[in-house]
Structure formats: C-alpha cells, structure tokens
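Please keep the sequence and the coordinates at hand while reading.

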Amino acid sequence: MKLPVTEYTTRPWRIHEFVPDFTTEDVWSFRTPGAGPDDFPRVLAAISAGAGPSRQSGASGFLFAVRRKLGALLGWDDPKAGLGPRVRSLRERMPEDLTATADPVPGPGSFVPLYELHDECARELANRTVHGVVHLGWVETPGGGHELRMAVLVKPNGRLGRLYMALITPFRYLIVYPAMTRQWETAWRDRERLLGQTS
C-alpha cells in the first residue's frame with residue numbers, strides 16, 4: 001500500500017542525516033501478519049530467498065527485462081557510471097559503526113548494502129540515470145503488530161535522470177509496486193518453507 005511521504009520522513013531513521021540532497025519518491029508498506037518486534041531480519045531473509053527482480057514474472061518481469069536491455073544498449077549501467085567512478089558512495093558520509101554492520105557486496109539489482117540494524121537497513125545503486133537508495137524499516141502498527149516499510153530515495157543525474165524518473169512513474173505505481181507487494185508478502189507467508197530451504 002502506498003503511504004504519505006511523511007510516514008517515512010517523520011520517523012527517526014538513521015538514513016535521514018546522510019541523504020539531505022535526495023528526494024523521497026515513494027513510501028510503501030508491506031503486510032507481515034504474525035510478525036513481532038524482532039522479526040525484521042526474518043523478513044529480509046524471506047524476501048531474499050523468495051523475491052527479487054530475477055523472480056518477477058508477467059508485466060513486471062517484462063518491464064525489468066526491457067530496462068536491462070535498454071541499460072545495456074544505451075550504456076546506462078556501465079560500471080564507469082556507477083558507484084565509485086562517477087558517484088561517491090553514501091558509505092563515505094556514514095560513521096564506521098554504521099557501515100560496519102553490512103558488507104558492501106552488490107545484491108539483487110546491483111544494490112549495494114549501506115548498513116543493516118535491528119529495525120532498518122539501506123541499500124544504494126548508481127547508474128547513468130540516478131543515484132538511488134532503498135530504505136527498509138520495521139514499524140509497529142496501531143494493532144500491535146509489525147509491518148515492513150520501504151522508502152525509495154533518488155538523486156537524478158541531470159536532465160536524463162529527471163526524464164527517466166518521470167517516464168517510469170506510472171509503471172512503478174501501476175505494475176512494479178503491486179507486483180512487488182504480492183511477491184514480498186507471499187515470501188513472508190511462505191517463510192518457513194523458504195528459510196528452511198536456505199538454512
């Protein structure tokens with residue numbers, strides 16, 4: 001479910017102090033029925049085991065495939081346009097006690113972990129269009145349960161980046177996020193099977 005940006009900006013997440021030059025594009029919630037205050041790592045593990053861009057199908061899978069093809073054709077994802085050569089990692093802005101919580105090894109979709117705490121984590125990527133951050137947080141709900149929250153933070157790379165973000169907006173809301181919601185919530189429901197397979 002899409003949430004107001006204030007549901008992210010008013011919470012005391014560690015990431016806030018390191019991204020003043022980024023725009024919060026999207027805030028989304030994912031239901032995790034039966035989850036408790038200490039289940040954030042289990043949610044992340046279930047998503048890692050049962051979800052991700054490589055597991056997308058249907059319209060969402062088609063869009064990811066088109067994006068990969070365009071990225072390769074137009075050089076958007078050239079390593080020289082990514083973290084390091086063109087864009088300084090946000091890890092350089094963060095204290096060692098934070099960056100020491102996660103190894104900067106690229107994961108699904110080439111996102112690189114920034115940090116991982118008991119109730120929040122962040123990952124970043126950079127290419128020729130944007131420098132982006134995905135922030136995941138663990139939030140107590142009014143009913144006493146807990147749910148996963150995702151915020152997408154973006155710093156477009158010039159006119160190309162702004163045009164790219166504008167063009168993909170309807171696809172994010174109509175196709176990508178609904179499919180991601182189904183996939184992530186299914187991964188949580190299937191956590192016993194998924195985590196049993198990976199343990």
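Strand E3 and strand E4 (residues 130-140) are paired in the antiparallel sense over seven bridges. Strands, labelled E and at least two residues in length, and helices, labelled H or I and at least four, are DSSP runs numbered from the N terminus; two strands pair if DSSP finds at least two bridges between them. The model is a predicted one, in which local features need pLDDT of at least 70 and side-chain atom pairs count only at pLDDT 80 or more, whereas totals for chains, interfaces and linings use all residues. Residues are numbered from 1 along each chain as its sequence is written, and side-chain values use heavy atoms, with hydrogens and water left out.

The link from E3 to E4 is a hairpin of three residues.

E3 also pairs with strand E2 (residues 112-116), in the antiparallel sense and over four bridges. Here Glu-116 has Cys-121 in E3 as its bridge partner, and a hairpin joins E2 to E3 through three residues. Strand E3 itself, residues 120-126, is mostly covered, with six of its seven residues buried. Buried means under 20% relative accessible area and exposed over 50%, with partly exposed in between (1.4 Å probe, protein chains only).

Elsewhere in the chain, Gly-34 lies in the loop between strand E1 (23-30) and helix H2 (40-50). Gly-34 counts as exposed because its relative accessibility is 74%. Its C-alpha atom is separated by 9.4 Å from that of Arg-189, a residue 155 residues apart from Gly-34 along the chain.
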